[in-house]
Amino acid sequence: MNVESKTNFDLPIKLNNSKPMGLFLSMSGVIGKSKEDVEKYLKEYAKNNGGDLLKKSLENENPNFCVLNEKNGNVTVFYPSGFNEFGDVSKYLSEKLNCPVFFFHIHDGDLWLYFLYNKGELVDQFNPIPDYWDDNLSETEIDEQKGNPQIVEELVPNVKKEDIANYYVRWDLEAEPFKAYPQDEFTNEDWQVVDYMNKIGLEYPISDNGIALGTVYKFWIPEPTEKNKEKKSYTSKKWWKFWN
């Protein structure tokens, strides 16, 4: 990946495999805020739900491994592999910080997608395979997931629509792979999310050498009770069935 190396990250952690196959990966991209701002409210969210966020040197295999990376005036949050409240916490950060927050997800190495919140409200979403979970979606439901680069241009400083518009296509997996832009590293695959993030001023917080770029934390929230499991996720749709 074309990820700029750093030599002054706070707690360098070696990752054994930064590009695993069959990957499930979730991140938030917080626009226009500092790492300290994000840390404050991520910790608040965790504590409100019976968990915590603590600076701690952890190996990436640890189920609570989390990274916060600040670059270009934005912050990327790399969530623990078993953390499932990524939509709720992205909305929470957006509301508390009064700013745009992306929730990025790579699902099973098959695709990447995002939800975009602004001031706590869902304003845009993109999925290149909208019928991935449900072959019977209506055209309206498919259209809801096509994404809108104009909204991103309006909310993210220094982003021009023409520099990201080519990502907003529906993938045909039987066609030849293609790059959205010639300078990109990845074609229409899961890791294309890194090219997209670079375009909007966010850095994927793991280097090519497997080093965590940023501050490493222990982040955890207890498993929800049966009662809380019934709470509808902020990102839930009838097609949003990651592990069902």
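A search of the whole structure turns up seven salt bridges, a salt bridge being a side-chain nitrogen of Lys or Arg within 4 Å of a carboxyl oxygen of Asp or Glu. Bear in mind that this is a predicted model, where local features need pLDDT of at least 70, side-chain atom pairs count only at pLDDT 80 or more, and totals for chains, interfaces and linings use all residues. Residues are numbered from 1 along each chain as its sequence is written, and side-chain values use heavy atoms, with hydrogens and water left out.

| Salt bridge | Closest N and O atoms |
|---|---|
| Lys96 and Glu44 | 3.9 Å |
| Glu203 and Lys71 | 3.5 Å |
| Lys146 and Asp143 | 3.2 Å |

Take Lys96 and Glu44, whose closest N and O atoms are 3.9 Å apart. This pair ties together distant parts of the chain, with Lys96 in helix H2 and Glu44 in helix H1 (residues 35-48), 52 residues apart. Helices here are DSSP runs of H or I with at least four residues, strands are runs of E with at least two, and both are numbered from the N terminus. Lys96 is partly exposed at 41% relative accessible area, and Glu44 is partly exposed too, at 26%. For these labels, buried means under 20% relative accessible area, exposed means over 50%, and partly exposed is in between (1.4 Å probe, protein chains only).

Glu203 and Lys71 form a salt bridge as well, at 3.5 Å. That one also links distant parts of the chain: Glu203 sits in the loop between helix H5 (192-199) and strand S8 (215-220), Lys71 in strand S3 (residues 65-71), and they are 132 residues apart. Glu203 is buried, with a relative accessible area of 3%, whereas Lys71 is partly exposed at 22%.

As for Lys146 and Asp143, the Asp143 end is partly exposed at 41% relative accessibility.

Back in helix H2 (residues 86-97) we find Ser90. Ser90 counts as buried because its relative accessibility is 0%. Its side chain makes a polar contact with the side chain of Ser28 at 2.7 Å. A polar contact is a pair of N or O atoms within 3.5 Å; within protein, one must be able to donate a hydrogen and the other to accept it, and residues adjacent in sequence count only if both atoms are side-chain atoms. Leaving aside residues up to four places away in sequence, Ser90 touches Ser28, Tyr79, Val101, Phe102, Phe103 and Tyr117, where contact means heavy atoms within 4.5 Å.

Helix H5 is mostly covered, with six of its eight residues buried. Those are Gln192, Val193, Val194, Asp195, Tyr196 and Met197. They pack against strand S1 (25-30), strand S4 (74-78), strand S5 (100-107), strand S6 (111-118) and helix H4 (149-155). Just after H5, Gly201 takes a positive phi of about 85°.
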